[in-house]
Amino acid sequence: MAIEDIVGRIAGDLEHLKRYTATPKAGCTRLPFTKEARQAVDYLKTIMAEAGLEVKEDAAGNVFGTLAGSDPTLPCVMMGSHYDSVVHGGDYDGIAGVICAVETARQLKERGIQPKRNFVVAGFCDEEGMRFGTGYFGSGAMLGKRDVAYCKRFRDTDGISIYEAMQAYGLDPNRIEEAAWPEGSIGCFIEAHIEQGPMLDAGNIEIGLVDCIVGIQRYMITVNGRADHAGTTPMDMRMDAVEAATKVISKIPDWAREKADGTVATTGFIRTIPGGMNIVAEQCEFTVDIRSRNNDNINDIVRRISAALDRETEAIGGSYEMDNKLTITPVNLSQGMLSVMEESCKEHAFSYQYLPSGAGHDALEIGQVLPTVMLFVPSKDGRSHCPVEFTRYSDLAKAAVVLLDLAEKLLTE
Ligand code: GLV
Ligand code: MN
Ligand code: MN
């Protein structure tokens, strides 16, 4: 199969999948357990079956396609990424990696490569955590880290829990633990993904070899004050939740900057309740997402946030809750698999660069417990999590070539 044909197949799949968005013409919005998620999963099932894979959707909404090896009892090689998106996101984040994995399976079959162990293509559900403020729902379930209590605990901003959303989607959340794979059944995980940052595009580099992924903590913080009339309540007699919250929020970026090592902290969501122009806010809810290669930096910023919340809520006579939605430590990726991909880049004369990932990925969750590696493909101008996100199909096809080399080595040795 010539590289132009691989480009054509990848383009065909991704162009088709672009349709499955809740915001047509305004980027990809494919939240977990929605109609668009169902459409994408059904399409993935179809192309996996056409590629000759045995297809299965699990209790968490993940979709897997297996190319059987001669000894299916050996730990499998798994490759994939996620099919959900953020709101008004791009058409490549996550799904491009799933399609590269499907393409790898097609190539293995077409070239008559006889795997000794199973090759499993994975399309994970709810990596982004966009809807419930969490992250890595599907890959975490595969690793046995999700249970009914987890599904009942986290809710979207309309108050719908993961548990309820799964039921409406046609999955039984009481069976969530059935999504866990037996220990030892997965040998390693490989994820191709768009870079979502500017390094490769700026340097005209074709392939990124990812050596580590940052750790992340996410919180939903609620500051409680008291609702009052905005015109009649004197400034020293109000319990303004917005005043306390914003005094904390405004300091968080500088605490990250002080670390001066790439640590980042973001408040991407703020809501006031009841939310009226002439009402002192009773509550202010906001999120914080903190990331660093150095876990101590994350913990330090969390400590500072809670100390500042103690201080500022005391000043208004209010209170707060700090709900941890995600805690995940940084991971180093597999040197062995990186070396194989480096050799492949050299052999095909693809330019490459080692780089860390500031974005979270299913590989971050899976890399906590299994040998894992990631490959990045350039993102135009580094833009991502927005509708202008763009990656060339020809670059994804180069990634598929490297992925095939790695898969062939791992499956036949
Ligand atoms: C996912 O893209 C994340 O890094 O939040
Ligand atoms: Mn992603
Ligand atoms: Mn993303």
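## Around ligand 1

Let's start with H385: in this predicted model, one of its polar side-chain atoms sits 3.1 Å from an oxygen atom of ligand 1. For E128, the distance between a side-chain N or O atom and an oxygen of ligand 1 is 3.0 Å. How much of ligand 1 does the protein cover? On its own, ligand 1 has 200 Å² of accessible area, and the protein covers 94% of that.

Ligand 1 is surrounded by E127, E128, R218, R291, A359, G360 and H385. Sort this shell by residue type and you get 4 charged residues, 2 polar ones and 1 nonpolar one.

## Two helix pairs

Here's how to think about helices that pack together: you describe the pair by the angle between the two axes and the distance between them.

Take α1 (residues 3-17) and α2 (residues 35-50). Their axes come within 10 Å and cross at roughly 155°. Angles over 145 degrees count as roughly antiparallel, so α1 is roughly antiparallel to α2. As for handedness, α1 and α2 make a right-handed crossing.

The other pair is α9 (residues 252-259) with α10 (residues 295-316). The axes of α9 and α10 cross at roughly 150° and come within 10 Å. That angle is why α9, too, is described as roughly antiparallel to its partner, α10. Which way does α9 pass α10, left-handed or right-handed? The crossing is right-handed.

## Loops worth a look

Go back to α1 and α2, and check the loop between them: that's where you'll find F33. F33 isn't a glycine, yet its phi is positive, at about 60°.

Next, find S250 in the loop between α8 (241-249) and α9. A polar atom in the S250 side chain lies 3.2 Å from the backbone oxygen of K247.

Finally, look at P274, which lies in the loop between β10 (270-273) and β11 (279-280). The peptide bond joining I273 and P274 is cis, with an omega of about 5°.

Methods. Residues numbered from 1 in each chain as written. Chains lettered and ligands numbered in written order. Predicted model: local features only at pLDDT ≥ 70, side-chain atom pairs only at ≥ 80, totals over all residues. Heavy atoms only, no water. Near = heavy atom within 4 Å. Polar contact = N/O pair within 3.5 Å; in protein donor to acceptor, adjacent residues only side chain to side chain. Areas by Shrake-Rupley, 256 points an atom, 1.4 Å probe, with all protein chains shown as cover. Nonpolar A, V, L, I, M, F, W, Y, C, P; charged D, E, K, R; others polar. Axes fitted to C-alpha atoms, helices over the stretch in contact; angles between N-to-C directions. Helix = DSSP H or I, 4+ residues; strand = E, 2+ residues; numbered from the N terminus. Parallel < 35°, antiparallel > 145°, perpendicular 65-115°, else oblique. Left-handed = near helix turned anticlockwise from the far one by under 90°.
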